[in-house]
Amino acid sequence: MKRLAPLIVAALAVVATAGFSEVFQSWSFLLAASSAALGATAVAMVGRHFGLGPGERLAVSVLAFAGVGVAVVGRGFAG
């Protein structure tokens, strides 16, 4: 069950984001938010798999945050 926890959290994040569909005019935000949630989940799972320490996980998270952000905005997913 511990291995499924990040995937469950990612799925719930995507579902919760879909709840904002009434706030925005289009669904374009969902792809960007889903990419961010799945990217964060991947970083968490990779960090756990390789047994990274807290400082190393923080550094990988910051780099991944920048990388996923550039990928999402650069491809026009952000609307």
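Trainee: Which residues line the largest pocket?

Mentor: Ala32, Ala36, Gly39, Ala40, Val43, Ser61, Ala64, Phe65, Val68, Gly69, Val72 and Val73 do. Helix 2 (28-49) and helix 3 (54-74) are the elements that each give two or more residues to this lining. This is a predicted model, where local features need pLDDT of at least 70 and side-chain atom pairs pLDDT 80 or more, while totals for chains, interfaces and linings use all residues. Residues are numbered from 1 along each chain as its sequence is written, and side-chain values use heavy atoms, without hydrogens and water.

Trainee: What makes those residues a lining, and what makes the space a pocket?

Mentor: On a 1 Å grid over the protein atoms alone, a pocket is an open set of points with protein on both sides within 12 Å along at least five of seven lines, and lining residues have an atom within 4 Å of a point. The largest pocket has a volume of about 210 Å³, counted as the space filled by probe spheres set on the points.

Trainee: Which helix gives the most to the lining?

Mentor: Helix 3 does, with seven residues. A helix here is a DSSP run of H or I with at least four residues, and a strand is a run of E with at least two. The protein chain has three helices and zero strands, so its pattern reads α-α-α.

Trainee: How many residues of the lining are nonpolar, polar or charged?

Mentor: Nine are nonpolar, three polar and none charged. Gly counts as polar, whereas Ala, Val and Phe are among the nonpolar ones.

Technical notes
On a 1 Å grid over the protein atoms alone, a cavity is a set of points where a 1.4 Å probe fits but cannot get out, and a pocket is an open set with protein on both sides within 12 Å along at least five of seven lines; lining residues have an atom within 4 Å of a point.
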